[in-house]
Amino acid sequence: MSERSTVGLDLAHRYAKEFLSGLDERSVASTVDVTTLRDHLGGPVPEVGEEPAAVIEHMVAAIDGGILGSTSGRFFAWVIGGSLEAALAADWLTSTWDQNAALSPCSPAAAVVEEIAGAWLLDLLALPRDASFAFTTGCQMAHFTSLAAARNAVLRAHDWDVNLDGLQGAPAVRVLTSTQRHGSVDRALRFLGFGSRHLTTIETNEFGQCDIETLRNALAGGNGPTIVILKAGDINIAAFDDFNRAIPLAKEHGAWVHVDGAFGLFARISSQYCSLTAGIELADSWVTDGHKWLNVPFDCGFAVIRDTRAHRESMSIGASYISTDAATRDQIDWNPEWSRRARGFPVYAALRQLGRGGLEDLINRNCAQACKLVDGIGEHSGANVLWRPTLNQGLVRFLDTRPDAGAADHDRRTERIIQMVNASGEAFFSGTTWRERRAMRISVVNAHTADADIHRSVVAVCEAVDHCIREDARNS
Ligand SMILES: *Cc1c(COP(=O)(O)O)cnc(C)c1O
């Protein structure tokens, strides 16, 4: 047998190390446009194959400038984590081992590692230890998995078997959710046959929480199968619903309560922030991401479901060739995919690298950094803090300082500052509309963000603001 070539792998290893060690010097933003990328990468279908090393050489050169430094410590857009060294290394090995983590017989190690990592997460997140879980591609599919179980359970309680009879002719399912929900909630519901026109949306209060009286009235409006979707951390201000009041209320009406905790569920691990999640353990299903605050590379979400029967019934296929060995956990019984990546390995590695203490430190450190960043920018007279982080998310708005400037000018100024900072390559932010105003959103969820990164980013923002203010003076 010929020995496998590893020249391409050695090359990839070298480029990976160069990329990571060069992050401080390279632009956080992309520096080429998509036309350039298409020019470098495109062309007709290759008729003749190439050596693996040549393929890697070509690809690395051709994508140059088109990779965002989202894994660097100065990337604060959306809610995007970095990757821990052990998690990244384990992710490389996951691809190397190339296990099909569908069934325990396909890879006993992948099955056991996922089983253990799942149990550790239940412990860390202080969720019921006998709940079932699924490792999904992300929170989007974790919503899908949880809400499929919810659909199964609430219809079963009304003598309807959705697996056999589907939704046609089924009792109408009411879905109540807040106006501040993430778009992935609507999409999961859509996949499950619940159209957006049939959602009941609950207004939020000044803290971004579901208004309890509105929820009470909405729940009183019917007694059919009901699903209530709450949130632990929305993307603008990391608002947490009042679980201690909302969940018992929903339960009085026999509702299934699902919680979106894509990043906010991790607050539960910190003694400083866990009170935000008080009462969350009363829910029926919870979702969070591994690729956000746990700093595992992308393709990693978790669903946790109290009703293990509903969970298994909604996902399992029970084909005759699938083992029913109760001593092993077949992942296919709990998640929507068949063939799949062994997502447990990088999670297991991340949890071992950090430990409970390291994970709590990471959360506390990122939250403190988010405040430092918002406060640092807020000290500038051309900035206006809309939301000082209560966890890791903050909002800042920038002001047009010309005497006759109005709200639309401040919106434009805010957009312009984001654009200027991103173009500087020094730091990267995204914009949002919050309570009818444009704002720059600041999200800190990266284990590699150092205090020096915060300082450097404050300087970059203030330079952009200074530049615009000098322009205002010339224009007024
Ligand atoms: C990121 C996010 C999601 C979607 O998660 P994916 O991992 O991108 O599928 C859902 N809800 C909230 C609050 C999020 O921040």
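The charged end of Arg-14 sits over the ring of Tyr-15, 5.0 Å from its centre (a charge counts as over a ring if NZ of Lys or CZ of Arg is within 6 Å of the ring centre and within 35 degrees of the ring normal). This is a predicted model, in which local features need pLDDT of at least 70, side-chain atom pairs count only at pLDDT 80 or more, and totals for chains, interfaces and linings use all residues. Residues are numbered from 1 along each chain as its sequence is written, and side-chain values use heavy atoms, with hydrogens and water left out.

**Aromatic pairs**

- The whole structure holds ten aromatic pairs, where rings of Phe, Tyr and Trp (its six-membered ring) pair if their centres lie within 6.5 Å, with planes under 30 degrees apart counting as stacked, over 60 as edge-to-face and the rest as tilted.
- One of these pairs, Phe-76 with Phe-429, is stacked, at 5.3 Å centre to centre and 25° between the planes.
- Both Phe-76 and Phe-429 are buried, meaning under 20% relative accessible area with a 1.4 Å probe and protein chains only.

**The open sheet**

- Four strands form an open sheet in the order E8-E9-E11-E10, with antiparallel pairing; strands are DSSP runs (E, at least two residues), numbered from the N terminus, and two of them pair if DSSP finds at least two bridges between them.
- The edge strands, E8 (383-387) and E10, each pair on one side only.
- E10 is joined by five bridges to strand E11 (residues 437-443), where Arg-438 is the bridge partner of Thr-433.

How values were computed. Buried < 20%, exposed > 50% of the residue type's maximum accessible area, 1.4 Å probe, protein only.
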